[in-house]
Amino acid sequence: MNRIVDGFASLRAQKKGALLPYLTAGYPDSTTSLELIRAADRAGAAVVEIGFPYSDSIADGPVIQESFHDVLERGFRVSDALELTAEARRSVRCALVAMLSYTLVHRAGVETFLRDAKAAGFDGVIVPDVPVEESELL
């Protein structure tokens, strides 16, 4: 099994709901972002969604847009999000899921991105804007 399936099965057996916070990678800075992931895990999060900042986040709402803008202004990149996650994975037990635009996946190459995400410790990906005709690889 995996952390996502196991976590939800455990919660279901205990008749409990799931805590699934969303955090922008690198916001407000990398050190705090790492601590927030760890805090979510200590608080009992089943899954932490880690948002990968990108420049065209018009569907994400003003709060997430602002966090993305701030992080990107400081030069934060996909590789930084992967490194941050790898560091978090060393100390958290909850599932970690990447939430990102297909633009970022496509730019790296689907297989390359998935390999790097798995190596960093991600348990899954959410790519809401992937075109249907390109979704099979994901």
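View 1. Lys-15 sits in the loop between α1 and β1, where helices (H or I, at least four residues) and strands (E, at least two) are DSSP runs numbered from the N terminus. Lys-15 is exposed, with a relative accessible area of 78%; buried means under 20% relative accessible area, exposed over 50%, and partly exposed in between (1.4 Å probe, protein chains only). Although Lys-15 is not a glycine, its phi is positive, at about 55°. Most residues other than glycine have a negative phi, and most peptide bonds are trans. The model is predicted, so local features need pLDDT of at least 70 and side-chain atom pairs count only at pLDDT 80 or more, while totals for chains, interfaces and linings use all residues. Residues are numbered from 1 along each chain as its sequence is written, and side-chain values use heavy atoms, with hydrogens and water left out.

**View 2. The cis peptide bond at Tyr-27 and Pro-28.** Tyr-27 and Pro-28 are joined by a cis peptide bond, with omega at about 0°. Tyr-27 lies in the loop between β1 (22-24) and α2, and Pro-28 is found in the loop between β1 and α2. With a relative accessible area of 33%, Tyr-27 is partly exposed. Leaving aside neighbours within four places in sequence, Tyr-27 is in contact (heavy atoms within 4.5 Å) with residues including Ser-33, Leu-36 and Asp-70. Ser-33 belongs to helix α2 and, at 1% relative accessibility, counts as buried.

View 3. Rings of Phe, Tyr and Trp (its six-membered ring) pair if their centres lie within 6.5 Å, and planes under 30 degrees apart count as stacked, over 60 as edge-to-face and the rest as tilted. By this rule there are three aromatic pairs. The ring centres of Phe-52 and Phe-113 are 6.0 Å apart and their planes stand at 75°, so this pair is edge-to-face. The pair links distant parts of the chain, 61 residues apart, with Phe-52 in the loop between β2 (47-51) and α3 (62-73) and Phe-113 in helix α6 (residues 110-120). Phe-52 and Phe-113 are both buried. Tyr-54 and Phe-68 form a tilted pair, 5.5 Å centre to centre with 55° between the planes, and both residues are buried. Ring pairs also link Phe-52, Phe-113 and Phe-122 into a cluster.

**View 4. The nonpolar cores.** A nonpolar core is a set of buried Ala, Val, Leu, Ile, Met, Phe, Trp, Tyr and Cys residues joined through side-chain atoms within 4.5 Å. The largest such core has 32 residues, of which Ile-37, Val-48, Phe-52, Leu-96, Leu-100 and Phe-122 touch the most other members. A second, separate core of five residues includes Leu-11, Ala-46, Val-47 and Val-97.

**View 5. The largest pocket.** On a 1 Å grid over the protein atoms alone, a pocket is an open set of points where a 1.4 Å probe fits, with protein on both sides within 12 Å along at least five of seven lines, and lining residues have an atom within 4 Å of a point. The largest pocket has a volume of about 300 Å³, the volume being the space filled by probe spheres set on the points, which are joined across faces, edges and corners. Of its 14 lining residues, Gly-44, Ala-45, Ala-46, Arg-93 and Cys-94 are the closest to the centre. Helix α1 (residues 3-13) gives the most to this lining, with five residues.
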